[in-house]
Amino acid sequence: MAKIVRELPGLALTPEDISQRKVLSTSWVPKAEYAWDAGIAMGRYLEELRNGRLMGVRHRRCGRTVIPPRIFCEQCFAPMDEWGELPDTGTVNTFSICYVSWDVKRLEVPEIPAVIEIDGTSPRVGILHKLGEVDPQQVKVGMPVKAVWKPAEERNGAITDILYFQPI
Amino acid sequence: MQKQMAIVGVGYSGFSSISPGLSYKELMYEAAVRAYQDAGIDPRQDADGFVTVAEDFHEGTSIFDEYVPDQLGAVMRPVHTVTGDGIHGLIAGALKILSGAMNIVVVEGHSKASNILTLSQVTAYALDPIYNRPLGLNPYSIAGLEMQRFLHQTKNTVEQCARVVVKNRRNALNHPSAGHGSDISLEDVLASERVASPLRKLDIAPHSDGCVVFVLASADAARDLTPQPIWIRGMGWSNGSYSLEQRNWAHADYARQAAQMAYHQAGVEKPHDEIDFAEIDDTFSYKELQHMEALELCGEGEAGRMIDEGATQPGGSLPINVSGGSLGVGNLLEASGLQRVLEVVLQLRGQASARQLKNVETGLAFAWRGLPTASGAALVLSR
Amino acid sequence: MAFRRTGLRRVAVVGAGMTKFVRRAQETAQELAFHASRLALDSCGLRIQDIGAVCLGTAPDAFDGVHMNGEYLSDGAGAYGKPFMRAYVGGGTGVFSVIQGWYHVASGLFDAVLVVCEEKMSSCLPHPQAAFLTIFDHTTERPLKPNLLWIFALEMNRYMQKYGLSKKDIARVAVKNKRNAMDHPAAQLAAEITVEDVLNSEVLAWPVQRLDVSPTSDGAVAVILASEDAAKRITDKPVWIKSVGWCLDSAYWTNRDLSYPEYVERAARMAYEMAGIKEPRKEIHIVEPYDPFDYKELHHLEGLLLAPKGEAPRLLAEGVFDRDGDLPATPSGGLLGVGNPIAAAGLMKVAELFWQLRGEAGKRQVPGNPRTGLAQAWGDLMQVGTVAILGV
């Protein structure tokens, strides 16, 4: 390593090198579109979201109740036994106050993503969602929260049928 | 290779043009449950490792390996994904057994091609971004270029290519899980729409959804698990040039190299005599002929004559793609090669029902990764 | 896990090479892969004809902007006319690539294998981070438009919460690693910074701030693995791969304890068992844990059983993980200091052990003739651990 120190390849460019066309580049916008089959478990989960309900599944052998639903227990590798409606309440397992969007634009109003342990599930079982109607500085781990749903006529069977969770 | 490892379990789900009833996870779960039942293993206790094959842009998910452990019984276990054909994945599993590190390894591949709304554009996205993509050509044109040069150089004909389609589609009628069996005529193929001349619509394998799972085992474990292990005798894989500018357009070098490696390990010296039947890539009709020659199942320029004489029909001297191949079963993306291995295993076990071949001891499976690659993998299996 | 300890073939690292890690490289992905491969071959006097197979690592295709990116890179990675395989486990890919090379050689089929990792993240516009949207579940998570930072922030918060840690406890990792990188000729973000600098840097996703995070980078690294006989012919200083381990947890990442990387512990235990290591804390002399974020290094040191749970920050403050400390951690400068071209960054950690264990790390050399080192990478949705233990 020592003897090749001064010779390491790799030419660093500045943004100006590209914007002023000092070095050339080609660009391409990928056209990659998908329609993923929701299948049995996720199909029913989405349908019940449209109805304003959160559903979980339970496996008797290991005693776990989990969300989001799946047709198999991944720990035991056996079919899940039963479906059940879960309350749309839970507690904050962990959260963040995020000042950048998914495509790295600075946000004026931060988003508050959180893992929310849904009541009625096994310990540490939660879903990813966002918190709303709360002062970011007041959010605490362990805080009880409840789902705020879109109006029924606007729901279309998606995780975004829940707008966010708010403190109870 | 002596009898060092074997396929001891197979399971599959599909194969059909669409599979709206099951998510990809559920499709995988269904195939995995069947494979474990077939092998008589509990994946949570018995499997040392897991390999899946997937390409991010075929899944519509980046680093897709994230989403594989749950439905395979592989949570908290050594799991990884290979971007390759299923046979590459199978080899990655077999290498771990050969190394002595593992005894039982699970290999999975699947296709949810029906979920990709812009498959042609996705395939084009695999082209060199600087040299080739800006030309805006449909990727099928690469197959057209290759077919043209292959036919020119070997004197095989467009009609002989069409006969491959007729054979494989008919073979698929005997395969209850095949998605594209049909009784079509040579004229139907030759009159089908031009796509990238000389390639026509029916020369192209349509896509299917499905999943294949295998359980591999070391020799000792295999003998414990099943009275009917199917031994992996040789495995080879190779890449030709990715560059379209430097590629051998007439011959499938990657296939020749992969096969030579596999034959060498298996001690096969005269493939035409020692291989009883083969399931080889037929993503495009001409590919079956081109691969037959590269795999030394016949001499250069002789593949067309073999199909004319019926030698590669199920009743012929060297049956090829008895399952229906990709033309009849459907192009299963990364799982294509595993479907070919599946057929070889079922035939060697005597479980191929209406399409069962008589007296088969040794079979060859060969997969090409598809457009725009020059990448292939071969497996020699025996009873 | 039934490892058959007897009969495992010995595999050595015999050469290594890397490019600089930079934010935007003029070289194409193929050219970066070529440079690293060429340097690795030259470092041990091999020709490409001597290489039996090529193993490649690169993380999501979305960065390079090429579907089947492995095929695209194959020519640059010297794979023309050879058996070529690309495996991946997200961010764990860099170390997994060595595992991949290990089983290629250990299978007995190959005497020398070239392992190449490359990432050209700058191709992805408007920002490489945007590509990470597609690692989230397409049905339950992607519609929420998550930024990659979310999962790190959520995990970091949980870790801090569980053990009552402060940002200051964690920021010392960034200070240490960026300082270590001052001695690395490939480094992108080497700097002398203070804990206050980290605490005052821009808040991205609380508790994650700008200086808690590794950069996006372009770069490539290659190493050459050889069988025992071949290794002894090639070099008088082979560095043996004593063992490997890897483990993947469930995709349902919101269903698990984020405060502890259980999957890293499983991967480490697999490797310790294979190497016959009973007391990792004493038997590992040098460690390159995965450090895409500063807390991650601490998290991983705990998962690797090199620090008790929740106590890595205290050991860090005591100087245990300094380059001249009791257990030097990330002497290279890591992802925080050298840079993070994802798969290449993981392989860089293995290359660092190769140089350190041969006593060839120059100004970065840790004192005391270390004989055993561990490299670890992590990836996916808080989900995978990959481990390789090297020794002389």
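Some conventions to begin with. Residues are numbered from 1 along each chain as its sequence is written, and chains are lettered from A and ligands numbered from 1 in the order in which they are written. Since the model is predicted, local features need pLDDT of at least 70 and side-chain atom pairs count only at pLDDT 80 or more, while totals for chains, interfaces and linings use all residues.

Confidence. For the complex, the predictor gives an ipTM of 0.97 and a pTM of 0.97. Residues 1-6 of chain C have pLDDT below 50. That stretch has eight contacts in the model beyond near neighbours in sequence, a contact being two residues whose C-beta atoms, placed from the backbone, lie within 7 Å.

Now chain C overall. It has 14 helices and eleven strands; these are DSSP runs numbered from the N terminus, helices being H or I of at least four residues and strands E of at least two. Its C-alpha atoms fill a box of roughly 55 × 45 × 40 Å along the principal axes.

One helix pair in chain C. The axes of α4 (residues 93-106) and α14 (residues 342-357) of chain C come within 6 Å and cross at roughly 60 degrees. Axes are lines fitted to C-alpha atoms, for helices over the stretch in contact, with angles from 0 to 180 degrees between N-to-C directions. So α4(C) is oblique to α14(C): under 35 degrees would be roughly parallel, over 145 roughly antiparallel, 65 to 115 roughly perpendicular, and the rest is oblique. Residues in this contact include Gly94(C) and Val98(C) of α4(C), and Ala344(C) and Leu347(C) of α14(C).

Next, chains A and B. Here 27 residues of chain B are in contact with 20 residues of chain A. On the chain B side, α1 (24-39), α2 (43-46), α4 (69-72) and α6 (119-124) each supply at least two residues.

Last, a sheet in chain A. Three strands form an open sheet in the order β2-β1-β5, with antiparallel pairing, where pairing takes at least two DSSP bridges. β1 (residues 54-59) and β5 of chain A share five bridges, and Gly56(A) has Gly84(A) as its bridge partner in β5(A). The twist averages 30 degrees from one strand to the next.

Methods. pLDDT is the predictor's confidence in each residue, from 0 to 100.
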